[in-house]
Number of protein chains: 2
Amino acid sequence: MAEAATTRRSRITPEREAELYAAVLDLLREVGYDALTMDAVAARTRSSKATLYRQWGGKAELVVKAMRHQKRGRVADIDTGSLRGDFHALVTHEDDCHMEQNSALMRGLAMAVHGNPDLLKAFRELLVEPELVEFRRVLQRAADRGEIRADNPANDFVLHMMIGAFAARTLIDELPPTQEFLLSYIDAVVLPALGA
Amino acid sequence: MAEAATTRRSRITPEREAELYAAVLDLLREVGYDALTMDAVAARTRSSKATLYRQWGGKAELVVKAMRHQKRGRVADIDTGSLRGDFHALVTHEDDCHMEQNSALMRGLAMAVHGNPDLLKAFRELLVEPELVEFRRVLQRAADRGEIRADNPANDFVLHMMIGAFAARTLIDELPPTQEFLLSYIDAVVLPALGA
């Protein structure tokens, strides 16, 4: 409720917000989180720093909200009727080019998190927690359909398994996480671990 | 053979080598990979830069060999007679304090890898590949004992699953990867995915 009220009162249109977020992600790709400044964002988007701070509070929240904006609707809208279908939809709703870009951005953020408590907080509250909630919903529906056990301890590790696929793909295989790779990982690892 | 010959010809004793590696890891913890210089290593260890370059070729190889030295014997000596025993031994041979330190160092290296092709090469050749070989040996023995199928596609993802546990533990749970956590992850995720 509070957030909706804030959004209504905001002087920034959704189009302008999308434009700002795109500029922030461009800058993030160019210089990385640590070197990104609010001055650079203000200059690139022709806005005042005062507006940026009033609207987002600070760099961490602005960057994480830009990431979240790009991923919006990711898990929430998926409901295919089977657990395998949901996981596959999750992976195939984004083409390989976007997946590679997003995965590079997320990797950069996940790295910067360790030296920036503000960023860690925003990252967890605005990106990790909502993702966990969505995954729990997907698993709950699968349990309701009788596809998996609701008390399988693996259920708590779904995000760990998926993050492993993304992180290790670059490190072990020196390849970006393509749809093909993620689909085979889901079938070989995630679904068997969940007992589906 | 070539490596053995080089080692024999080396003027550095195993004790001196261990001392050097410890100093490199201390520096790595203090300043991170990118800010670590061969000058600093030479000063800290009272050795000449010429010696360091002759012996290790460069910073990437020196740092990765220092990491490998600390982990030496990690998987290779383990053979408990069961797959679950092997995985548990893997996790419990190191106490939580060392695990947390090593995991922070590995995370730092894994981050630096993306901007440093030399480091990526050394990291893969000297740390990832040997680990993969050892995991394959553990899995092969389990297949020989009839515990798992040798052709289970999950076998190729063991390192992905384990890296996920380490990487996601900090990010999702804001906690270091303790033995207790890793044991429950192995029982809940890794062994079921392998069909053990």
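Me: Into which domains is chain A divided?

Reply: Domain bounds come from an automatic or database domain assignment. Here chain A is divided into domain 1 (2–68) and domain 2 (73–194). The model is predicted, so local features need pLDDT of at least 70 and side-chain atom pairs count only at pLDDT 80 or more, while totals for chains, interfaces and linings use all residues. Residues are numbered from 1 along each chain as its sequence is written, chains are lettered from A and ligands numbered from 1 in the order in which they are written, and side-chain values use heavy atoms, with hydrogens and water left out.

Me: How many residues of domain 1 of chain A are in contact with domain 2 of chain A?

Reply: Contact means heavy atoms within 4.5 Å. By that rule, 12 residues of domain 1 of chain A are in contact with 13 residues of domain 2 of chain A. The C-alpha centres of these two domains lie 25 Å apart.

Me: How much area do domain 1 and domain 2 of chain A bury between them?

Reply: The size of an interface is often given as the accessible area lost when the parts come together. Buried area is that loss for two parts, found with a 1.4 Å probe and summed over both. Domain 1 and domain 2 of chain A bury about 1100 Å² between them, with 83% of it on carbon and sulfur atoms. In domain 1 of chain A, the residues that lose the most area to domain 2 are A:Tyr33, A:Val64 and A:Met67, together 48% of what that side buries.

Me: How large is the area buried between chain A and chain B?

Reply: It is about 2900 Å², of which carbon and sulfur atoms give 76%. On the side of chain A, A:His160, A:Leu171 and A:Ile172 supply 26% of the area buried against chain B, more than any other three residues. The contact takes 34 residues from chain A and 34 residues from chain B.

Me: How many salt bridges are counted between chain A and chain B?

Reply: A salt bridge is a side-chain nitrogen of Lys or Arg within 4 Å of a carboxyl oxygen of Asp or Glu. Between chain A and chain B the count is zero.

Me: Is A:Val24 buried or exposed?

Reply: Buried means under 20% relative accessible area, exposed over 50%, and partly exposed in between (1.4 Å probe, protein chains only). A:Val24 counts as buried because its relative accessibility is 0%. Among the residues that A:Val24 touches, not counting those up to four places away in sequence, are A:Leu36 and A:Val41.
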